[in-house]
Amino acid sequence: MLYLVALLSHCLPLAMGQYDICKSWVTTDDGPSWEFYACQPKAMRMKDYVTVRVDPAGITCGDPPERFCTHENPYLCSDECDASNPDLAHPPKLMFDSEDEGLATYWQSVTWRRYPEPLLANITLSWNKSIELTDDIVITFEYGRPTIMMLEKSLDNGRTWHPYQYYADDCMEAFSMPARRVRDLSTTSANRVLCTEEYSRWAGSKKEKTVRFEVRDRFAIFAGPDLKNMDNLYTRLESAKGLKDFFTVTDLRMRLLRPALGGTYVQRENLYKYFYAVSNIEVTGRCKCNLHANLCTFKEGSLQCECEHNTTGQDCGKCKKNFRSRSWRAGSYLPLPNGSPNACAAAGSAFGNCECYGHSNRCSYIDFLNVVTCVSCKHNTRGQHCQHCRLGFYRNSSAELDDENVCIECNCNQIGSMHDRCNETGYCECKEGATGPKCDDCLPNYYWRQGCFPNVCDDELLLCQNGGTCYQNQRCICPVGFKGVLCQQSRCEADKKDCDGASSVRGSLGAVLLWVLALQLCGWGDL
Ligand SMILES: *[C@@H]1O[C@H](CO)[C@@H](O)[C@H](O)[C@H]1NC(C)=O
Ligand SMILES: *[C@@H]1O[C@H](CO)[C@@H](O)[C@H](O)[C@H]1NC(C)=O
Ligand SMILES: *[C@@H]1O[C@H](CO)[C@@H](O)[C@H](O)[C@H]1NC(C)=O
Ligand SMILES: *[C@@H]1O[C@H](CO)[C@@H](O)[C@H](O)[C@H]1NC(C)=O
Ligand SMILES: *[C@@H]1O[C@H](CO)[C@@H](O)[C@H](O)[C@H]1NC(C)=O
Ligand SMILES: [Ca+2]
């Protein structure tokens, strides 16, 4: 054990370097063996791995070639953007190149020649991998920062989007939000989405070029101004609900909503000086590997965690096959300083020989039966080894027994079926007249109305008579003068007044015929 302590204190760097080893070979009283720790990859320059998309089509300048000028030199509109000339083109990739020396390279939009129609552009960055931000996002604008913009993020590869931060020179006017500063947030509001005016006011385009999403300021709420107390931050990330996810993204989107105006109102006579130009987008973060990997590599076009602890998946988000004797868990930053690996265990290695197929973390010994059985089986399983599906669920035949999706809900229609259980292929047991796997359909000659009922009428055997029409197989709508389930009965039989009532329509031929017919039916043909 002493050896281990020596090793750790030797190789654990300060602050952000914590949790950088996943395992080490240690000598204990019982001989040498592996020890496992929570671990995470180093932070990287994420712009090197990003794919970018700029919308709408045609927003990038230079096609056709266009002149523009700057706020500093508004009457000398001699600069040119020309997509077909590499020296004068400003494609999106120039937001992600390195420009250690020499002139800035930048993406540039068309000018605001369509004013007063708004000049809108979306810049979407995608990693196809969850990333945990570790430092500020810094966007550098070459010719003035937008007066209104918004940052959005996605956690599911762009399927859903959420606001991340609003930026405006007047937050109230642009977004109906009060202006706030990240520095003023507290421990309970560290993951609040806010509107800031700090990066949108005009200060000269050469003087203030950057717009930030302040990750460090939010970390500092827990770790102190110099981020010295990272232990406190890691403790909070582990315990405060949603805090870790707040700093996690798979995609980012900058929605540019109004360009820099040079500190004044829009001058319609010179719209060539209004446009967006972004020279760099710096995103610093690490691959999210659920504390099961300390390496993340770029393979086949995507970042992937090199999973340890017998986990697998792009984010080490599940246990390897044959290592699912308990269900998967993320590693934990706690207890400090090495955290818990929460490694996946091989079948049979834990709890004697009780396999739970990863649906339970606990086994219990039942004395009088002399068996070990899994406790609290999850994922809708049951049984000694969590090997069966709960009542109301059936086995997913394309899933392994240790798959989280192994049991599928029967979903029997409550009204159409006898009970909520189903057979191995998901078929429910239907009440009379009902059919379909879930008993939510009716057999032929039955209609659905809070269950299946035999048809009262139809177009074949149970025809409505005397010109009646069948309404949804439920009843015949009878013409005046007839009644009965199939309109088979004349009202005259029951009440002679009904027949007299028809005298007013005696004028037309049809009515006369009806009248005769009715008379005959009533047996008064010789009246
Ligand atoms: C930018 O993206 C948003 C969705 O986040 C969409 O509603 C909007 O139409 C897009 N704007 C442009 C100019 O493509
Ligand atoms: C995203 O990453 C996954 C896993 O590495 C890969 O299978 C998939 O092809 C990638 N998708 C794209 C669009 O690159
Ligand atoms: C993962 O499995 C291998 C091979 O069985 C084993 O040697 C190793 O100790 C396991 N690692 C962990 C963290 O459980
Ligand atoms: C059955 O399991 C497979 C494999 O895990 C999964 O992809 C599929 O979605 C599951 N089917 C249902 C209906 O849940
Ligand atoms: C489940 O029930 C359906 C409908 O009754 C039947 O076709 C199917 O063969 C049954 N499956 C099994 C495995 O019994
Ligand atoms: Ca650049």
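**View 1. Asn122 meets ligand 1.** An N or O atom in the side chain of Asn122 sits 2.3 Å from an oxygen atom of ligand 1. Keep in mind that everything shown here belongs to a predicted model.

**View 2. Two further polar side chains reach ligand 1.** Look next for Glu152, where a polar side-chain atom lies 2.9 Å from an oxygen atom of ligand 1. Then find Arg253: an N or O atom in its side chain is 2.6 Å from an oxygen atom of the ligand. On its own, ligand 1 has 360 Å² of accessible area, and the protein covers 58% of it.

**View 3. The shell around ligand 1.** Which residues surround ligand 1? They are Asp55, Pro56, Leu120, Asn122, Glu152, Arg253 and Arg255.

**View 4. The surroundings of ligand 5.** Now let us move to another ligand. Around ligand 5 you will find Asn423, Thr425 and Tyr427. Taken alone, ligand 5 exposes 360 Å², of which the protein buries 40%.

**View 5. Polar atoms facing ligand 5.** Where do side chains come within reach of this ligand's oxygen and nitrogen atoms? At Asn423, a polar side-chain atom lies 2.2 Å from an oxygen atom of ligand 5. At Thr425, a polar side-chain atom lies 3.1 Å from a nitrogen atom of ligand 5.

Methods:
Residues are numbered from 1 along each chain as its sequence is written. Chains are lettered from A and ligands numbered from 1 in the order in which they are written. This is a predicted model: local features need pLDDT of at least 70, side-chain atom pairs count only at pLDDT 80 or more; totals for chains, interfaces and linings use all residues. Side-chain values use heavy atoms; hydrogens and water are left out. A residue is near a molecule or strand if one of its heavy atoms lies within 4 Å of it. A polar contact is a pair of N or O atoms within 3.5 Å; within protein, one must be able to donate a hydrogen and the other to accept it, and residues adjacent in sequence count only if both atoms are side-chain atoms. Accessible areas come from the Shrake-Rupley method with a 1.4 Å probe; for residues, only the protein chains shown count as cover.
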